[in-house]
Amino acid sequence: NVDDLMEETVLAALGEATPDPASLHEFSQLREILRQCAAQLSDTLKQVYDLYIKDHTQQEIAEVLAIKLGTVKSRTSEMVKKLADCVNPQRGNFGRS
């Protein structure tokens, strides 16, 4: 399950520290926002996202989707930007008038 994978990744990054309830609540909220943002991605970016969050390398994603590695890199970059802009809309307007 993707939610379990994301939670395991975050908890593993915390190492030995036991997260406090406030941190877990914040993580849960962020996970829901990210899920909503991912649902707005184009089908081609969703394909990359789905494999990316399952910890596939870009090379593996290229092989699974039968596309060039450069295309995966471009789509990954676009996906990350779109997700970041969605999670933090202010960021998308940074430096724009």
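# Helix α5 and its partners

Reader: How do the axes of α4 and α5 sit, and at what angle do they cross?
Author: This is a predicted model. In it, the axes of helix α4 (residues 58–65) and α5 come within 9 Å, crossing at roughly 110°.

Reader: Is that parallel or perpendicular?
Author: Roughly perpendicular: angles of 65 to 115 degrees count as such, so α4 and α5 fall in that class.

Reader: And which hand does the crossing of α4 and α5 have?
Author: The crossing is right-handed.

Reader: Which residues meet there?
Author: From α4 they are Q58, Q59, I61 and A62, and from α5 they are L69, V72, K73 and T76. By class, this contact of α4 with α5 has four nonpolar, three polar and one charged residues.

Reader: Take T76. Where is T76 placed, and what does T76 touch beyond its sequence neighbours?
Author: T76 lies in helix α5, which covers residues 69–87. Leaving aside neighbours within four places in sequence, T76 is in contact with V48, Y52 and Q58.

Reader: Buried or exposed, T76?
Author: Buried, because its relative accessibility is 6% and the cut-off for buried is under 20%.

Reader: What about the next one along, S77?
Author: S77 is also found in helix α5. S77 has a relative accessible area of 48%, so it is partly exposed.

Reader: How far is S77 from L45?
Author: Their C-alpha atoms are separated by 9.8 Å, and the two residues are 32 residues apart along the chain.

Reader: Back to α4. How accessible is Q59?
Author: Q59, in helix α4, has 39% relative accessibility and counts as partly exposed.

Reader: What does I61 contact, leaving aside neighbours within four places?
Author: I61 is in contact with V48, L51, Y52, H56 and V72.

Reader: How do α3 and α5 pack?
Author: At an angle of about 90°, with axes 9 Å apart. The pair is therefore roughly perpendicular.

Reader: Changing topic: how many residues are in the largest nonpolar core, and which touch the most other members?
Author: There are 13 residues in that core, and A38, L41, Y49, I61, M79 and L83 touch the most other members. The elements giving two or more residues to this core are α2 (21–39), α3 (43–52), α4 and α5.

Reader: Which element gives the largest share of this core?
Author: α3, with four residues. As background, nonpolar side chains tend to be buried together in soluble globular proteins.

Reader: And the overall fold: how many helices and strands?
Author: Six helices and zero strands, giving the pattern α-α-α-α-α-α along the sequence.

Reader: What percentage of the protein counts as buried?
Author: 20% of its 97 residues.

Reader: What share of the contacts with a separation of 6 or more comes from residues 24 or more positions apart?
Author: Such residues account for 51% of those contacts.

Note on methods:
Residues numbered from 1 in each chain as written. Predicted model: local features only at pLDDT ≥ 70, side-chain atom pairs only at ≥ 80, totals over all residues. Heavy atoms only, no water. Buried < 20%, exposed > 50% of the residue type's maximum accessible area, 1.4 Å probe, protein only. Contact = heavy atoms within 4.5 Å. Axes fitted to C-alpha atoms, helices over the stretch in contact; angles between N-to-C directions. Parallel < 35°, antiparallel > 145°, perpendicular 65-115°, else oblique. Left-handed = near helix turned anticlockwise from the far one by under 90°. Nonpolar A, V, L, I, M, F, W, Y, C, P; charged D, E, K, R; others polar. Core = buried A, V, L, I, M, F, W, Y, C linked by side-chain atoms within 4.5 Å.
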